[in-house]
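Please read it alongside the display below.

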Amino acid sequence: MAFGRLTRPQGQRPFSDINMTPLIDVMLVLLIIFMVTAPLLTARLPLDLPKANAPLAATPPAALQVALRADGRVYLDEQPSTLAALANRAAALARQQPDTEVQLRADQSVPYGRVAELIGVIQQAGLQRVAFVTEAAPDAAPAP
């Protein structure tokens with residue numbers, strides 16, 4: 001008769017530590033992606049916006065970005081444009097979404113008549129919501 005052990009031989013015990021290498025690899029890839037895209041998000045037209053003490057407004061779901069530079073040039077979504085092209089784009093948006101807001105950034109040295117003319121073109125195209133974009137005044141306290 002052969003006598004053997006009554007207990008089974010123990011194999012390797014389960015490894016309960018987390019492998020950090022894949023986690024670090026994913027974090028480094030995300031870091032590189034954010035480092036590449038961050039400068040692209042801040043590129044804007046250089047405008048001398050007026051200062052105002054007003055709380056920041058939330059961006060509506062549909063907004064048309066219009067900029068008016070000191071030399072009189074009009075920019076539509078950061079691209080050079082004309083008043084006719086702006087009117088066509090605004091009319092198309094008014095047919096699709098009548099509650100689209102136009103966010104107007106005008107240089108503070110632009111004459112009031114030019115701003116009024118631009119607002120008139122936008123309203124004739126069918127968009128009624130016009131918001132003026134300003135910069136926060138340096139001595140203004142943040143809104144609660």
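N19 has a relative accessibility of 54% and so counts as exposed, the cut-off being over 50%. The model here is a predicted one. N19 sits in the segment before α1, a helix that spans 21-41. Its side chain reaches the backbone nitrogen of T21 at 3.4 Å.

**Salt bridges**

Side chains of opposite charge can pair when their charged atoms come close. How many salt bridges does the structure hold? The count is 5.

| Pair | N to O distance | Location |
|---|---|---|
| D77 and R89 | 3.0 Å | β3–β4 loop and helix α2 |
| R129 and E101 | 3.2 Å | strand β6 and strand β5 |
| E117 and R114 | 3.4 Å | both in helix α3 |

Take D77 and R89. Their side chains meet in a salt bridge at 3.0 Å, N to O. The pair links distant parts of the chain, 12 residues apart. D77 belongs to the loop between β3 (74-76) and β4 (79-81), while R89 belongs to helix α2, residues 83-96. D77 has 27% relative accessibility and therefore counts as partly exposed. R89 is also partly exposed, with a relative accessible area of 35%.

Next, R129 and E101. The closest N and O atoms of this salt bridge are 3.2 Å apart. R129 lies in strand β6 (residues 129-132) and E101 in strand β5 (residues 101-106), so the pair ties together parts that are 28 residues apart in sequence. Is E101 buried or exposed? E101 is buried, because its relative accessible area of 13% is under 20%. R129 is partly exposed, with a relative accessible area of 40%.

The closest N and O atoms are 3.4 Å apart. E117 is partly exposed, with a relative accessible area of 39%. R114 is partly exposed too, with a relative accessible area of 23%.

E78 is partly exposed, with a relative accessible area of 28%.

**Contact of α2 with α3**

The axes of α2 and α3 come within 9 Å. They cross at roughly 35°. Which residues of α2 take part in the contact? They are L83, L86 and A87. On the α3 side, these meet R114, E117, L118, V121 and I122. The residues of the contact divide into 6 nonpolar, no polar and 2 charged. R114 and E117 count as charged, because Arg and Glu belong to that class.

How values were computed:
Residues are numbered from 1 along each chain as its sequence is written. This is a predicted model: local features need pLDDT of at least 70, side-chain atom pairs count only at pLDDT 80 or more; totals for chains, interfaces and linings use all residues. Side-chain values use heavy atoms; hydrogens and water are left out. Helices (H or I, at least four residues) and strands (E, at least two) are DSSP runs, numbered from the N terminus. Buried means under 20% relative accessible area, exposed over 50%, partly exposed in between (1.4 Å probe, protein chains only). A polar contact is a pair of N or O atoms within 3.5 Å; within protein, one must be able to donate a hydrogen and the other to accept it, and residues adjacent in sequence count only if both atoms are side-chain atoms. A salt bridge is a side-chain nitrogen of Lys or Arg within 4 Å of a carboxyl oxygen of Asp or Glu. Axes are lines fitted to C-alpha atoms, for helices over the stretch in contact, and angles run from 0 to 180 degrees between N-to-C directions. Contact means heavy atoms within 4.5 Å.
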